[in-house]
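Trainee: Could you walk me through this structure, starting with the ligand and then moving on to the rest?

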Amino acid sequence: MTFSSTIKASVISGSLEENQLATVKEIELPPIKPYQLLIKSEAFAVNPTDWKHILYGLGKPNNIIGSDVSGVVVEVGSEVEGFKVGDYVNAFVRGNTSDTEGAWGEYAIINPKVTVKYDHELKHTESNEAGLINSFEGAASVGLGLVTVALSFSHYLNIDYDQAKNKDKHILIWGGAGATGTLAIQIAKLVYGLKVITTASPKNHKYLKSLGADYVFDYNDDKVVEQIKEVGNNKIVYALDTIAFPETFQKVYDATEGAPEVFLDSLLGVDGSVIETKQERVVHYGYTLAYNVLDKEVVLGPVTFKQTPELLANYEEFWKQYLPKYLDQIKHANLLILKPGLESANEALELSKQGKVSGQKVVFRL
Ligand SMILES: NC(=O)c1ccc[n+]([C@@H]2O[C@H](COP(=O)([O-])OP(=O)(O)OC[C@H]3O[C@@H](n4cnc5c(N)ncnc54)[C@H](OP(=O)(O)O)[C@@H]3O)[C@@H](O)[C@H]2O)c1
């Protein structure tokens with residue numbers, strides 16, 4: 001490696017006390033493998049999976065925290081095609097489980113399969129406004145979300161890319177104001193030309209319409225299922241439940257009744273086995289897990305998520321052929337930018353864990 005291999009990173013401390021999940025430590029980075037890239041990190045985002053790994057014991061002390069990073073490529077593995085030193089990128093990283101690979105370090109080892117390359121320079125910003133991805137902070141905020149939506153839409157929902165075929169079809173995105181939801185709304189519209197129905201707290205309705213949602217309903221309204229069915233008019237063919245509790249999935253199932261065949265995906269492995277279903281309905285269930293793009297098999301609780309050649313091929317078609325065409329039209333969410341420094345990891349994890357952010361993505365820079 002041409003760079004100092006001793007770097008600072010934010011790692012799992014071993015404490016479960018509030019505001020003490022992370023600590024900054026010096027670590028030794030190994031040389032990258034031929035299929036990897038090394039980047040100099042510029043900004044980081046927090047995701048629920050980060051604190052879940054810590055609290056539920058999936059990550060161990062000294063594992064590098066973090067799943068989202070943006071930065072500049074400083075080294076390219078010998079087998080990697082399509083990247084060069086100096087490229088501006090963001091990447092999803094399988095963090096929280098390794099002492100050498102994780103997003104929140106001065107440098108990060110990343111995998112091109114889940115890396116987004118920009119054809120323009122990224123700069124730092126102080127602005128919290130949602131907008132096109134021109135900043136390191138904005139880029140860091142979209143990594144895991146883009147991989148998740150890419151896998152869900154291309155493989156599990158298996159949506160046709162021919163927009164003409166989709167013009168009468170609707171998709172329901174439950175939890176539109178979250179990190180995954182805001183990207184799912186835009187991609188459903190831009191890439192697939194679907195009509196988008198989503199749910200969020202009333203204060204986020206205008207924002208989600210500005211991202212392209214056709215209809216937004218309050219998920220706390222007792223009549224939300226009826227409201228969705230009415231505008232869906234038996235044409236909701238696809239749904240993604242980004243919240244994925246049995247009670248939200250039941251509502252998604254009920255609200256999508258009407259179309260002859262329906263594809264339902266959820267982000268926490270829930271399916272028809274945890275809700276009340278109707279035998280006469282034809283429903284296909286999806287099991288999106290972003291880690292499956294990188295890992296062949298992941299066991300989380302009672303569900304085993306499996307990578308298949310078809311899953312990878314569908315994902316890669318989206319990632320390589322379709323995402324680049326639309327990337328300059330996709331907006332990152334509103335940001336909540338914390339103080340610079342890896343020490344902000346604790347505040348970021350706490351804000352995400354306590355669900356204190358709404359319609360915003362928490363980011364920080366080095
Ligand atoms: N399977 C995967 O690969 C994968 C990938 C990414 C995330 N996940 C998981 O998916 C979940 C969402 O992650 P995320 O990062 O997208 O979310 P997030 O940004 O943390 O989502 C926060 C938003 O969720 C909305 N919300 C909360 N309860 C809701 C409900 N009952 N109905 C509808 N919306 C509700 C809130 O909307 P309002 O502010 O409008 O109230 C809030 O803004 C997490 O459990 C995460 O671990 C899984």
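This is a predicted model: local features need pLDDT of at least 70, side-chain atom pairs count only at pLDDT 80 or more; totals for chains, interfaces and linings use all residues.

Trainee: Which elements give two or more residues to the shell around the ligand?

Mentor: Those elements are helix H1 (48-55), helix H3 (143-156) and helix H5 (179-190).

Trainee: How many residues surround the ligand, and which are the closest?

Mentor: There are 25 residues around the ligand, and the closest are Thr 180, Ser 201, Tyr 219, Ala 290 and Ser 358. Sorted by class, the shell has 12 nonpolar, 12 polar and 1 charged residues.

Trainee: Which domains does that shell draw on?

Mentor: The shell takes at least three residues from each of domain 1 (6-142 + 330-365) and domain 2 (147-326), and these are the domains that the domain assignment of the protein gives.

Trainee: What separates the centres of the domains, and how many residues are in contact?

Mentor: Taken over C-alpha atoms, the centres of domain 1 and domain 2 are 25 Å apart, and 22 residues of domain 1 are in contact with 27 residues of domain 2.

Trainee: What area is buried between domain 1 and domain 2?

Mentor: About 1900 Å² is buried between domain 1 and domain 2, with carbon and sulfur atoms giving 62% of that area. On the domain 1 side, Arg 94, Lys 113 and Ile 330 supply 36% of the area buried against domain 2, which is more than any other three residues supply.

Trainee: Changing topic, what is the phi of Asn 234?

Mentor: Asn 234 has a positive phi of about 65° although it is not a glycine, and its place is in the loop between helix H7 (224-232) and strand S12 (236-241).

Trainee: And where is Ala 244?

Mentor: Ala 244 sits in the loop between S12 and helix H8 (246-255), and, although it is not a glycine, it has a positive phi of about 60°.

Note on methods:
Residues are numbered from 1 along each chain as its sequence is written. Side-chain values use heavy atoms; hydrogens and water are left out. A residue is near a molecule or strand if one of its heavy atoms lies within 4 Å of it. Helices (H or I, at least four residues) and strands (E, at least two) are DSSP runs, numbered from the N terminus. Ala, Val, Leu, Ile, Met, Phe, Trp, Tyr, Cys and Pro count as nonpolar, Asp, Glu, Lys and Arg as charged, and the others, Gly among them, as polar. Domain bounds come from an automatic or database domain assignment. Contact means heavy atoms within 4.5 Å. Buried area is the accessible area (1.4 Å probe) that two parts lose on being put together, summed over both.
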